[in-house]
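Have a look at the sequence and the model first.

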Amino acid sequence: MSTWQVNCLAHLKKIFAANSSWENYLKTNASERGQPRLHLAVCIEPYLSFMLDGKKTVESRFSSVRCSPFRKVSKDDVILLKKAGGPVVGLCRVEAAWFYELDPDTFNDIRRDFSQAICPDGPDFWRSREHASFATLLSI
C-alpha cells in the first residue's frame, strides 16, 4: 500500500469513528483483506452530485487505452470522490465491477442496460465515448 493510501486510510478511520457503518466496514475489511484498497476518482458535475445524492449508482470510465481503473478495482474497494479542482468530498464502496473491451455491439449493450444507472447528462455523454476501446463500470 502506498504512503498516500496509508495516510488516507488513517484519516478516514478518524473521520468515520462516529459513523458505525463505515467504521465497521473499514475494520472488517482491514481484517479480511489486510487493508481496504483505496482508489481516487476525480469527478465533475453534475456526476459528483448525482453520486453523493444516490441517483447515480454506476460510475463509468471509458478509455481508448487499457489504463486504470480497468481491471484494477474490485468488489468492496473504497473509492474517494474528489471534486475536479477541489477536495475529496465523499466516498463509496464498490458493490460490483465490470470490465469491457468495446466493440459497437458491446457499447450499445452498455448504453441500453446501464444508461439509467450511469445518469448521462445529455446525448453528448454517449457521443464523446463511442470511440473508446475499454470501459469500466462500477456499481457503487
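Is Arg112 buried or exposed? Arg112 is exposed, with a relative accessible area of 58% (buried means under 20%, exposed over 50%, partly exposed in between, using a 1.4 Å probe and protein chains only). A heads-up: this is a predicted model, where local features need pLDDT of at least 70, side-chain atom pairs count only at pLDDT 80 or more, and totals for chains, interfaces and linings use all residues. Residues are numbered from 1 along each chain as its sequence is written, and side-chain values use heavy atoms, leaving out hydrogens and water.

**Helix 4**
- Helix 4 has a kink of about 45°, centred on Arg112 (the bend is the angle between axes fitted to the seven residues ending there and the seven starting there).
- Thr106, Phe107, Ile110, Phe114, Ala117 and Ile118 are the buried residues in helix 4.
- An α-helix has 3.6 residues a turn, so residues three or four places apart point the same way.
- Just past helix 4, Cys119 has a positive phi of about 60°.

**Salt bridges**
- The count is 10 salt bridges (a side-chain nitrogen of Lys or Arg within 4 Å of a carboxyl oxygen of Asp or Glu).
- Arg112 pairs up with Asp113 in one of them, at 2.9 Å from N to O.
- Glu101 and Arg66 form another, their closest N and O atoms being 3.1 Å apart. This pair links distant parts of the chain, 35 residues apart.
- Arg93 and Asp76 meet at 2.8 Å, N to O, and they also belong to a salt-bridge network with Lys75 and Glu95.

Methods
Helix = DSSP H or I, 4+ residues; strand = E, 2+ residues; numbered from the N terminus.
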